[in-house]
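Let's take a walk through this one, a few pieces at a time. Have the sequence and the model open side by side as you read.

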Amino acid sequence: MVKKWLKSSAIALTTAAMLLSGCSSSTGTKDTNTGSNGGSNKEPVTIKVHTWYNLENEKFDVVKSEFEKQYPNIKVDFISAGDNNSNEHVKKVDLAAASNEDMDVIMFSSPAHYVQRIAVGMLEPLDDYLNNEQLKFDDEYAVNTQENGKYYGLPGKSVNFFVAINEDHLKEAGLPLPTDWTWDEYLEYAKKMTKLGGEKKHYGTYFHTWTNPFAMLGLVSKLENGYLVTDDYKSANILNPAMRKSLEIRLQAEKDQIATPYAEVLSQKMNYRPQYFTQAASMIATGTFFIPEVGGTDKVPATFRTVFAPYPKVNKEDPMTTTISSDYVTMFSKSKHKEEAYTFIRWFTTEGLMVQGRNIPSWKKANMEEALDKIISATANPEMIDKESALNFLKNSVMIPAKNPPAYSAEVEKVMQEEFDRMMLQGQDIDKTMNAAQERIQKVIDSNQ
């Protein structure tokens with residue numbers, strides 16, 4: 001089954017390297033505080049932690065300092081391209097694994113990246129370590145990372161999708177801040193905030209290029225079957241009223257010229273951050289990781305105030321829902337310092353994220369308001385973040401735990417993206433788009449059974 005989706009050379013190389021050299025596994029019988037304050041006289045061990053985050057902006061210097069203070073016999077070497085590009089990060093990680101480079105801890109931004117690397121044996125199960133702590137996972141973390149009956153990583157930050165809105169544009173349009181709204185109302189807001197004449201031209205909204213969630217906006221917030229494949233992985237899930245609504249949203253925004261034109265987004269290789277921060281778009285659907293960014297930095301101060309609205313609903317009568325997902329903090333299966341790696345993983349996904357003060361943790365014992373206060377106060381312009389609307393969203397939305405997609409999700413999303421592009425760029429109608437995607441994705445599923 002796995003070989004069907006192994007199409008990138010990097011993944012294929014990783015698989016070959018893993019098979020040739022074998023993947024060691026942990027017995028989980030040692031004290032996870034080896035090398036810590038209560039530990040031994042061993043020489044300090046350096047663990048290599050691979051991430052996609054910009055280390056300076058995300059305050060990993062604070063993480064390193066505090067962790068090494070608590071665990072003086074474990075030193076941390078963070079390795080990052082520094083550009084917040086998670087796709088480039090996984091390419092580099094795959095090549096490092098194929099080249100037998102030393103790695104200990106690897107962070108992944110999405111469940112797709114996570115399950116794909118589990119399938120090729122890159123990640124170490126953490127169950128023995130968790131059992132040694134007598135830890136009940138569901139009591140500790142809000143996002144379940146279990147795959148094939150085992151935990152290969154612990155959840156880092158909590159990611160919930162909501163809408164960030166430029167408050168100046170909202171007020172100029174004479175609109176109240178939404179606290180419960182539909183996608184149709186979202187499009188009306190975008191229309192009223194769009195200004196295409198004069199010097200201060202801007203669109204009411206911007207949709208990024210990611211297939212998930214921007215080609216499936218109305219699907220991702222469903223309580224069940226919220227992905228392109230059904231929850232049981234047996235059927236394509238395109239012939240779904242919520243998926244049709246998703247495509248209608250995108251076409252309507254394009255037709256009404258209230259969203260940055262899709263062809264321009266692609267041809268100019270746009271990024272959602274500059275579109276929002278330069279005020280070229282009034283609002284964007286994004287994740288809670290965006291909260292500290294709207295408060296600005298010393299280098300790039302915030303120039304307008306951001307308020308937050310809940311994720312829109314498909315139907316008025318629907319509950320106000322949003323997905324809850326996370327990034328994944330994992331152990332490389334060939335790490336030479338597994339005990340120390342686990343010590344860092346547990347610390348970072350609990351106390352460490354609070355120390356870092358950049359994101360809301362998936363750790364259930366974290367105080368949400370305290371975490372939010374810390375995030376806001378650490379920004380260059382905390383007055384530009386509306387805490388009240390952020391809390392309203394977090395407290396009043398029904399959080400739907402995101403389910404891990406199948407290991408072949410990259411192939412599924414590629415198919416959906418191709419049909420979506422035909423619709424947006426070549427005029428293919430919705431029915432043909434949905435039927436073609438349903439048929440092609442079903443073939444992908446069947447070939448992986």
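At what angle do helix α2 and α13 pack, and how far apart are their axes? Before the answer, a word on ground rules. This is a predicted model, where local features need pLDDT of at least 70 and side-chain atom pairs count only at pLDDT 80 or more, while totals for chains, interfaces and linings use all residues. Residues are numbered from 1 along each chain as its sequence is written, and side-chain values use heavy atoms, with hydrogens and water left out.

Now to the helices. Helix α2 (residues 60-70) packs against α13 at about 125 degrees, and the two axes are 10 Å apart. Here axes are lines fitted to C-alpha atoms, for helices over the stretch in contact, and angles run from 0 to 180 degrees between N-to-C directions. The names come from DSSP runs numbered from the N terminus: helices are H or I with at least four residues, strands are E with at least two. That angle makes α2 and α13 oblique to each other; angles under 35 degrees count as roughly parallel, over 145 as roughly antiparallel, 65 to 115 as roughly perpendicular, and the rest as oblique. The crossing of α2 past α13 is right-handed, meaning that the near helix is turned clockwise from the far one by less than a right angle.

Who meets whom there? On the α2 side you'll find Phe 60, Val 62, Val 63, Glu 66, Phe 67 and Gln 70, and their partners in α13 include Phe 344, Trp 347, Phe 348 and Val 355. Contact means heavy atoms within 4.5 Å. Sorted by class, the α2 and α13 contact has eight nonpolar, four polar and two charged residues. For that sorting, Ala, Val, Leu, Ile, Met, Phe, Trp, Tyr, Cys and Pro are nonpolar, Asp, Glu, Lys and Arg are charged, and the others, Gly among them, are polar.

Stay with Val 355 for a moment, which sits in helix α13 (residues 338-356). Not counting residues up to four places away in sequence, Val 355 touches Val 62, Glu 66, Trp 347 and Lys 374. Val 355 and Lys 59 are 296 residues apart in sequence, yet their C-alpha atoms are 9.4 Å apart.

Next, another helix pair. The axes of helix α8 (residues 183-193) and helix α10 (residues 241-255) come within 11 Å and cross at roughly 10 degrees, so α8 and α10 are roughly parallel to each other. Trp 183, Asp 184 and Leu 187 in α8 meet Lys 245, Ile 249, Gln 252 and Ala 253 in α10. That contact of α8 with α10 comprises four nonpolar, one polar and two charged residues.

Strands pair if DSSP finds at least two bridges between them. β6 pairs antiparallel with strand β10 (residues 321-331) over six bridges, and Asn 160 stands opposite Ile 324 in β10. β6 also pairs antiparallel with strand β8 (residues 281-287) over five bridges, with Ala 164 opposite Ile 284 in β8. Four bridges join β6 to strand β9 (residues 306-309), again antiparallel.

Last stop: the loop between α14 (368-377) and α15 (387-396), where you'll find Asn 381. Asn 381 counts as buried because its relative accessibility is 14%. Beyond neighbours within four places in sequence, Asn 381 is in contact with Gly 295, Gly 296, Pro 301 and Ala 302.

Key
Buried means under 20% relative accessible area, exposed over 50%, partly exposed in between (1.4 Å probe, protein chains only).
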